[in-house]
Amino acid sequence: MAEGVLGVQVKHFEIDASAASITFSASSSVHAIRSVGTVSGWIEASVVDYGFGEGQELRGGLEVPVDGLSSGNPLIDREMKRRIDSGVHPVISATIDETLGVTGSRAMITGTIDFLGASTLVEGEIVLRPGPVLAGAGEFDVRWWGLAPPRLLMVRVEPIVTVEIEAPLIEHP
């Protein structure tokens, strides 16, 4: 455990991959598409009463195995994995690059998402809930990574995907 600003202890947490989940939601001209998967990773932060320590930099990273994503529809899953080329790009990864601000249990961050061999800088908010559980959500345009949304006859999938993460944390000394 390292010491942060003003003597506040920076703690290392691992994401409990057996209990964590990530959900990708998109819409099409016919119906909603929702895929759920597992996530693993870590975060280092000063934590005080289930809030982030003020003035502290957060560090962390996570990985989502593409083959672990499932919509419950084998046709959608097969097409998604084909378009992503999961054999070549088996993992979606993200890292925290900078902490923009902290207010209690909320932190505004910038980070990099690596997907399809391309890196994109994004900004968003993460929340630390009692448990502790790390949560966050954001909207991303798949075209940022060069992925064209599928279209088949009259069916069109929108390029904006909402991503939600719910990740219980385990503190490691």
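Select E166 first: at 33% relative accessibility this residue is partly exposed, meaning between the cut-offs for buried (under 20% relative accessible area) and exposed (over 50%), with a 1.4 Å probe and protein chains only. This is a predicted model, where local features need pLDDT of at least 70, side-chain atom pairs count only at pLDDT 80 or more, and totals for chains, interfaces and linings use all residues. Residues are numbered from 1 along each chain as its sequence is written, and side-chain values use heavy atoms, with hydrogens and water left out.

E166 and R129 form a salt bridge (a side-chain nitrogen of Lys or Arg within 4 Å of a carboxyl oxygen of Asp or Glu), with the closest N and O atoms 2.8 Å apart. E166 sits in strand β14 (residues 160-172) and R129 in strand β10 (residues 118-129), so the bridge ties together parts 37 residues apart in sequence. Strands here are DSSP runs of E, at least two residues, numbered from the N terminus.

Next, pick E44 and R59, whose side chains meet in a salt bridge at 3.1 Å, N to O. E44 belongs to strand β5 (residues 40-48) and R59 to strand β7 (residues 59-65).

Then try R143 with D141: their salt bridge spans 2.6 Å, N to O. Is D141 buried or exposed? It's buried, at 9% relative accessibility.

Last stop: A26 in strand β3 (residues 21-27), buried at 15%. Show its contacts (heavy atoms within 4.5 Å): leaving out residues up to four places away in sequence, A26 touches A32, I33, V157, I160 and V161.

Technical notes: Helices (H or I, at least four residues) and strands (E, at least two) are DSSP runs, numbered from the N terminus.
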